[in-house]
Amino acid sequence: MQPVKWLVEFVDVRLGLKDIYDSELRGYLLPRNVNVWYTLGAVLMALFTLQIITGILLLMFYVPDSEKAFASIQYIMNDVPFGWLFRMLHAIGANVIMIALLMHMLSVLFMASYKGRREFTWLTGFIILNLTMGLCLTGYLLPWSQLSFWATTVATDAAGAIPVVGDYLVEFLRGGPTVGNQTLGRFFALHVVGMPLVLLGLMGAHLFCVKRRGISNPPFGPDYRVAEELPFFEHEKHPNGIPFFPNYFVKDAAVICFFIAFLLAIIFYAPGMFFPESAFQRADPFLTPPHIKPEWYFLWAYQTLKIFPSEIIGLGIQGAFMTFLALLPFIDRGAERRPAKRPLFVTCYVLGILLFVAISIWGHYS
Amino acid sequence: MTTQVPPPQRRKFLFTMIGGLGALLAAASAWPVFRFLSPVAARGGGEQVAIPRSEVVSGKAHFFEYRGKPAVALQPDPGKFIALSAVCTHLGCVVAWKEQAGEFQCPCHGGRFSAEGQVLGGPPPKPLEPLAVVLDGDQLKIG
Amino acid sequence: MSRSICCLFILMIAAWWTMPAALLAADTVCIECHGGQEGRLGAPVAQWRTSIHAANGISCNDCHGGDPTDYAMAMSPERGFIGVPEYAAVPDFCGRCHVGVAEEYKAGAHGQAIDRGAAQCVVCHGNHAVQRASLDLINEKDCSRCHSYERAALIRMSLTETDTMINKVGHDLDRLYRLGFSVDEMQDRLFNQRNLFHRTFHGVNVDEVRQKNASVQGELGKINMEVAAIDSTLGERKLWGSVMIALFILTGVVFLLVRKAYEEDEQG
Ligand code: HEM
Ligand code: FES
């Protein structure tokens with residue numbers, strides 16, 4: 001092990017990495033009663049990394065041209081060695097990310113971790129959520145299947161309900177009067193470069209906010225105290241806490257392993273779960289297939305648009321809800337974070353989730 | 001029951017295990033990536049290429065693809081056919097046929113080859129690689 | 001023969017493309033008038049609605065000609081109106097689309113004896129309410145309207161196995177298609193074999209049917225082999241996938257055990 005030690009010394013003398021290790025990893029202390037929900041952020045980072053790797057691999061064979069896109073995906077699925085694996089990892093991985101993202105958001109909501117001057121953490125997270133949905137939407141078009149084409153047609157068409165600018169906005173999103181090669185071009189550029197770049201930046205900002213302010217104390221147990229707010233910046237420390245690395249990191253690693261196992265389980269045991277028949281037909285602008293549905297995480301939005309007599313009301317309600325969610329830390333100002341002491345919040349929380357599930361199921365079967 | 005072994009020792013053992021599992025997982029993940037990136041077999045790999053005899057005109061050069069790489073066929077004397085790899089033996093540019101001079105010249109660093117592929121000048125270290133040609137009716141079979 | 005299959009193929013594709021026309025079909029002037037009539041003149045409309053033709057957008061004028069957009073000229077021979085074909089003209093009437101089958105039929109015993117009242121298309125298939133054909137059309141009751149059932153039974157027996165095979169291969173290809181495999185080429189071959197099979201028995205010659213049947217089964221067998229090869233790849237993938245899943249779960253569990261060891265230290 002002599003050469004390894006020598007190399008470590010060589011680097012450390014020049015860059016002082018041990019210092020960083022001591023202060024930021026080993027010396028980064030988490031609350032003693034930190035729970036498993038706090039691993040979801042790390043899970044998301046791992047899943048995004050996987051998405052980037054598989055995405056780069058797919059890019060080597062994918063052709064962003066409406067004449068060739070579908071065939072290139074078929075080629076990847078059938079002819080490139082292990083192409084099917086990377087394609088499935090990427091497509092189903094996006095769904096698993098959405099699951100993890102919702103779990104992460106719901107857990108920080110439940111623990112009210114957005115409180116205690118964590119508005120920026122919440123806001124960056126919220127933008128990340130929307131951007132990820134944007135990535136899913138733009139990525140959905142790329143295979144140029146019937147599903148891609150018509151889901152994108154319907155999704156962009158919804159913008160038409162906005163008064164005055166609606167019609168122009170629809171064309172602007174599509175880059176033309178209908179979904180076509182121009183749409184594929186812009187969606188492709190956004191999906192593989194634009195949005196991932198912004199997302200990486202936002203993830204950095206999100207992490208910075210989390211670390212700078214200090215991770216929150218889980219609002220459970222007899223020792224929990226409502227922290228008093230001082231009139232100046234303060235890093236929330238946990239002097240008696242446990243080191244993030246390696247003590248808590250091993251738990252992050254465990255949950256990451258389970259998530260990847262879950263992703264693989266879908267790929268090998270239920271590969272058709274997220275692929276309706278229209279996903280295997282080449283896009284045909286002259287033939288709308290029956291039963292076009294958006295992906296499961298957009299079903300709620302799709303169904304609210306249908307429930308209301310006019311689309312503009314539906315859009316308005318969606319907008320209002322999303323704005324409310326984005327501004328939640330500014331609206332919900334109380335210092336109390338313990339769910340047991342916030343019956344109204346918990347009731348709304350549970351009803352909200354039930355409503356989301358119910359509307360989605362309704363959307364799926366309607 | 002595990003409490004018999006003190007935690008630090010237990011961790012040491014478990015980390016060794018993780019090291020092993022990690023190596024296994026890494027290898028099993030790297031293999032598909034390696035296969036995914038492996039070069040595709042050259043088109044028509046290993047097979048003969050057939051060219052109509054009429055394409056190879058005396059004094060002119062006919063370029064074609066042979067096992068994924070550029071090659072050239074000539075008819076230096078009537079009824080005599082030769083085929084060569086068109087890849088310059090210096091640094092891999094594709095040689096050009098100069099009809100007037102009756103020789104190949106490499107556009108990259110000025111290498112010169114005879115119609116038979118012998119080096120006439122410039123940096124190329126060895127002749128152009130010759131390919132076997134058989135005349136079969138009105139077809140030239142190469143390779 | 002292969003040319004007529006080609007024709008049939010093109011026609012099928014054309015039929016497919018005109019699918020949305022099924023919706024428009026309701027608007028033809030034929031249906032507007034006849035839909036309201038009673039008895040012999042009105043009944044075909046209701047029957048047709050239940051048919052495989054209607055489901056595929058084949059409307060009155062596709063068989064009977066005429067002009068479906070013009071009340072006055074709808075039934076004018078100038079616009080190609082045919083009306084009711086003679087008994088012996090029916091094979092040509094249907095054969096405009098079902099080319100291969102008609103060809104085989106005419107060469108066979110039924111076709112040769114049509115002038116003496118042998119069965120033609122609609123005797124077995126019905127006319128306006130025509131359904132997707134199935135082997136049940138060959139049955140004792142119907143065949144013995146004209147002759148003994150023996151040979152028909154032999155033909156049916158030899159066809160049943162092929163019919164099952166065709167269905168099975170069809171399902172298999174569909175399943176693979178839904179997993180993202182390119183099965184177009186195999187599907188085309190199946191389509192061809194199914195056409196061959198369907199036309200074959202219209203010649204109503206036991207030996208010939210058996211012989212062609214064997215060749216169709218041979219081709220189906222080849223497709224089956226390819227399906228089996230893909231299935232075995234799938235099985236292999238699943239096996240390795242399962243190994244990876246197990247490894248990830250195991251690694252996760254070991255990480256949790258490490259965490260537990262740390263927890264003991266943290267409490268101690
Ligand atoms: C790609 C997406 C995301 C990544 C990679 C990410 C990453 C992280 C990480 C690593 C942490 C610290 C540990 C933890 O609690 O997990 C964290 C905390 C947090 N995240 Fe996210 N996050 C993402 C999305 C979101 C979203 C969508 C929201 C809410 C809309 C959100 C809100 C928060 C909040 C409020 C905290 C603070 C938790 C605390 O201090 O206790 N995050 N995030
Ligand atoms: S590559 Fe041909 S002369 Fe250098």
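**View 1. Composition of the shell around ligand 1.** The residues of this shell divide into 15 nonpolar, 7 polar and 1 charged. In this predicted model, 23 residues surround ligand 1. F48(A), H104(A), G125(A), H206(A) and S216(A) are the closest of them.

**View 2. Helices of chain A around ligand 1.** At least two residues of the shell come from each of α3 (40–59), α5 (83–110), α6 (119–141) and α9 (181–213) of chain A. The largest share, 6 residues, is supplied by α6(A).

**View 3. The largest cavity.** The whole structure has 2 cavities of 30 Å³ or more, and the largest holds about 70 Å³ of space. Its lining consists of F70(A), I73(A), Q74(A), M77(A), R87(A), P143(A), A279(A), F280(A) and G180(C). Helix α4 (residues 69–78) of chain A gives the largest share of this lining, 4 residues. By class, the lining has 6 nonpolar, 2 polar and 1 charged residues.

**View 4. The second largest cavity.** This cavity has a volume of about 40 Å³. From chain A, M77(A), R87(A), M88(A), P271(A), G272(A), F275(A) and F280(A) line the space, and from chain C, R178(C), L179(C) and G180(C). The lining comprises 6 nonpolar, 2 polar and 2 charged residues. M77(A), R87(A), F280(A) and G180(C) also line the largest cavity.

Note on methods. Residues are numbered from 1 along each chain as its sequence is written. Chains are lettered from A and ligands numbered from 1 in the order in which they are written. This is a predicted model: local features need pLDDT of at least 70, side-chain atom pairs count only at pLDDT 80 or more; totals for chains, interfaces and linings use all residues. Side-chain values use heavy atoms; hydrogens and water are left out. On a 1 Å grid over the protein atoms alone, a cavity is a set of points where a 1.4 Å probe fits but cannot get out, and a pocket is an open set with protein on both sides within 12 Å along at least five of seven lines; lining residues have an atom within 4 Å of a point. Grid points are joined across faces, edges and corners, and a volume is the space filled by probe spheres set on the points. Ala, Val, Leu, Ile, Met, Phe, Trp, Tyr, Cys and Pro count as nonpolar, Asp, Glu, Lys and Arg as charged, and the others, Gly among them, as polar. A residue is near a molecule or strand if one of its heavy atoms lies within 4 Å of it.
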